[in-house]
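Have the sequence and the 3D view open as you go.

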Amino acid sequence: MDQAVKCRFDQYPKEAKMCLVALRNLILTVATSLELGEVEESLKWGEPSYSVKTGSPIRLDWKLKSPEHYYLFFNCNTKLVDTFRELYGDSLALQGTRAIQLTLSNPLPELVLTHCIGLALTYQQRKNLPLLGA
């Protein structure tokens, strides 16, 4: 883990950190399963960020102003969250064009998030397809 990212994870409350580490592991697992090469892990705007050459960056964070939630952020200039809304609007809490909101007390919706993360990590190949080729 990148040292700056590790320091950031260490600043989160225990429950949030556990959820965010699980989310980080899911991103890395999806990238590996899709054989996307090295995942760049860094801090962007103080948030852990994950990117590969074929995709659009994914950030994650927990916010003090909404302590029961944590978030998966996407570039708002992409079609990602609009596509997630079309595909999973009944099962995901989405914020505008940039975020999936998750609840600390709920299990991680791994199947749905695996698909969303896969679409983000392969966005450059899919961006001109209807519903990103989903």
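**Overview**

Of the 134 residues in the protein, 46% are buried, where buried means under 20% relative accessible area, exposed means over 50%, and partly exposed lies in between (1.4 Å probe, protein chains only). Please keep in mind that this is a predicted model, in which local features need pLDDT of at least 70, side-chain atom pairs count only at pLDDT 80 or more, and totals for chains, interfaces and linings use all residues. Residues are numbered from 1 along each chain as its sequence is written, and side-chain values use heavy atoms, with hydrogens and water left out.

**Fold and elements**

- The protein contains 5 helices and 6 strands; helices (H or I, at least four residues) and strands (E, at least two) are DSSP runs, numbered from the N terminus.
- Reading from the N terminus, the order of elements is α-α-β-β-β-β-α-β-β-α-α.
- A UniProt record (unreviewed entry) places the feature "domain: YdhG-like" at residues 19–120; UniProt positions are given in the numbering used here, feature names are shortened, and annotations may be inferred rather than shown by experiment.

**Size, contacts and surface**

- The radius of gyration is 14 Å, which agrees with the value near 14 Å for a compact globule of 134 residues; the radius is taken over C-alpha atoms, and the globule rule is 2.2 Å times the number of residues to the power 0.38.
- Taken along the principal axes, the box filled by the C-alpha atoms is roughly 40 × 35 × 25 Å.
- Among contacts with a separation of 6 or more, 56% join residues 24 or more positions apart; contact means heavy atoms within 4.5 Å.

- Glu47 belongs to strand E2 (residues 47–51) and is buried, at a relative accessible area of 3%.
- Leaving out residues up to four places away in sequence, Glu47 touches Ser42, Arg59, Leu60, Asp61, Lys63 and Phe73.
- Glu47 and Ile27 are 20 residues apart along the chain, and their C-alpha atoms are separated by 15 Å.
- Tyr50 also sits in strand E2, and Tyr50 is buried with a relative accessible area of 0%.
- Beyond four places in sequence, the residues that Tyr50 touches include Val5, Phe9, Arg24, Ile27, Val39 and Leu60.
- Tyr50 and Lys14 lie 36 residues apart along the chain, with 22 Å between their C-alpha atoms.

- Ala31 is part of helix H2 and counts as buried, at 1% relative accessibility.
- Setting aside neighbours within four places in sequence, Ala31 is in contact with Leu36, Val39 and Leu121.
- From Ala31 to Ser49 the spacing is 18 residues in sequence and 14 Å in space, C-alpha to C-alpha.

**Exposed loop residues with positive phi**

- Glu35 lies in the loop between helix H2 (14–33) and strand E1 (40–44), and Glu35 is exposed, with a relative accessible area of 72%.
- Although Glu35 is not a glycine, its phi is positive, at about 55°.
- Trp45 is placed in the loop between E1 and E2 and counts as exposed, at 76% relative accessibility.
- Trp45, not a glycine, has a positive phi of about 55°.
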